[in-house]
Amino acid sequence: MWEKAISSSETVSVIIRAFNAEKYIKKALSSILNNTYKGPIEIVICYDTGSKDRTRDKIEEFISENQYRGNRIIKLISHVHATPFYSLLNCGFMNATGRFISILDYDNLYPRKHVEKMVDTAIKTGKDFLFVRDYFFDDRSLRIIGLTPLPRNPYDITQLIKRNYIDGNAIFIDKSCLSIILKKLQRLSHRLYEFIFEDWLIALLGLKHCRPYFVEDSFVFYRVHASDLTGVNIKGYRRDYRTNILSRTRDISTLIAFYELEKENLSREEICAIENSLIIRLLVLAKSLGDGVVNAPLLNIYSRIASIIYR
């Protein structure tokens with residue numbers, strides 16, 4: 001049972017990136033706004049001006065409908081078209097002012113007590129990098145169809161190197177921990193890292209440098225739908241070979257980024273885990289290429305990969 005909530009006035013900043021998000025954005029925003037947390041919640045909306053739909057109209061409608069909600073603050077910040085990583089880094093984190101920072105993708109949802117429970121747990125435990133599980137729900141039926149599988153020891157970084165089980169939506173970070181992570185992320189200037197899995201890298205850095213804590217009695221609703229590009233592979237949503245290639249290349253870039261940032265701090269066991277994980281993903285990438293580009297010349301295969309990564 002959840003104990004009586006701790007009264008807190010700490011500001012929580014929730015970052016939501018909005019790119020071609022018209023279908024779901026208002027539901028995601030409502031799930032933040034309607035949380036039971038009595039302290040201030042600051043919603044930082046990073047609107048990508050490269051959107052081709054009515055995302056901005058939907059956001060402005062939402063702000064107009066909810067402009068008198070007490071200590072709920074909504075910031076709408078526009079930025080030029082960018083990858084999810086740079087949208088988060090240069091817009092979201094740079095404009096979040098709360099003691100606690102979390103991320104919600106535009107197509108996902110918070111349960112009503114999520115923010116309250118995360119703040120209470122952070123204060124009670126003194127931990128600064130909290131995470132929960134995702135509950136996957138089918139966009140068509142709205143039924144729960146799975147949840148994030150965790151290893152026996154979720155704090156074992158070698159397990160996280162093998163497979164990301166800490167989704168960005170599930171993370172709740174104290175600003176003291178985030179400042180350490182930001183100093184690391186800002187060193188990634190090479191183009192290779194533009195389209196990494198930023199949540200996986202943040203989780204790896206969080207386990208490495210902060211005080212992590214798995215919160216068992218909260219969760220985040222993760223919507224599974226046909227246009228999801230994060231690589232979630234649920235029965236009934238078949239990914240084409242291009243999505244598989246993109247997902248595996250992002251895996252590889254993320255692992256290389258982590259190694260580059262932490263190579264002087266890694267144990268031999270962690271280095272071996274990175275090497276093994278890279279080999280497995282390179283083999284999976286080769287299989288994805290074989291599935292989609294059978295008997296194609298090598299140059300043609302390279303050009304197809306490049307067009308997917310850099311389009």
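This report describes the confidence, cores, strands, disulfides and aromatic pairs of one protein model.

**Confidence**

The structure is a predicted model. Its mean pLDDT is 90, and 86% of the residues reach 70 or more. Residues 1-5 have a pLDDT that stays under 50, and the model gives this stretch eight contacts beyond four places in sequence. Where pLDDT is low, the predicted coordinates should not be read in detail.

In soluble globular proteins, nonpolar side chains tend to be buried together. In this model the largest nonpolar core has 53 residues, and the members that touch the most others are F93, F129, L185, L188, L201, I202 and F258. Helix α7, which covers residues 198-209, contributes the most to this core, with seven residues. The surroundings of L201 can be listed: leaving aside residues up to four places away in sequence, L201 touches L185, L188, I196, T254, A257, F258 and L261. Another core, of 32 residues, lies apart from the largest one and includes V14, I16, L33 and Y37.

Strand β7 spans residues 171-174, and both of its faces are covered. I171 and I173 are buried on one side, while F172 and D174 are buried on the other.

Which strands pair with β7? Strand β4 (residues 100-103) pairs with β7 in the antiparallel sense over three bridges. Strand β5 (residues 129-138) also pairs with β7 in the antiparallel sense, again over three bridges. F172 has a place in both pairings: S102 stands opposite F172, and F172 is also the bridge partner of L130.

**Disulfides**

The structure holds two disulfides. Numbered in sequence order, the bonded cysteines pair as 1-2, 3-4. The table sets out their geometry.

| Disulfide | S to S distance | Angle about the S-S bond | Handedness |
|---|---|---|---|
| C46 and C91 | 2.3 Å | -100° | left-handed |
| C177 and C210 | 2.1 Å | 95° | right-handed |

C46 counts as buried because its relative accessibility is 1%, under the 20% limit. C91 is buried as well, with a relative accessible area of 4%.

C177 and C210 form the other disulfide. C177 lies in helix α6 (residues 175-185) and C210 in the loop between α7 and β8, so their link ties together parts that are 33 residues apart in sequence. Both C177 and C210 are buried. C272, by contrast, counts as partly exposed at 28% relative accessibility.

**Aromatic pairs**

A search of the whole structure finds eight aromatic pairs. A pair of aromatic rings is described by the distance of the centres and the angle of the planes. Why is the pair of F137 and F221 edge-to-face? The planes of these two rings stand at 90°, which is over the 60 degrees required, and their centres are 6.3 Å apart. F137 is in strand β5 and F221 in strand β8, 84 residues apart. F137 counts as buried at 5% relative accessibility, whereas F221 is partly exposed at 24%.

F221 also forms an edge-to-face pair with F219, with 5.0 Å from centre to centre and 80° between the planes. F219 counts as partly exposed, at 24% relative accessibility. Ring pairs link Y135, F137, F219 and F221 into a cluster.

Note on methods
Residues numbered from 1 in each chain as written. Heavy atoms only, no water. Core = buried A, V, L, I, M, F, W, Y, C linked by side-chain atoms within 4.5 Å. Buried < 20%, exposed > 50% of the residue type's maximum accessible area, 1.4 Å probe, protein only. Helix = DSSP H or I, 4+ residues; strand = E, 2+ residues; numbered from the N terminus. Contact = heavy atoms within 4.5 Å. Pairing = 2+ DSSP bridges. pLDDT = per-residue confidence, 0-100. Disulfide = S-S within 2.5 Å. Phe/Tyr/Trp six-rings, centres within 6.5 Å; stacked < 30°, edge-to-face > 60°.
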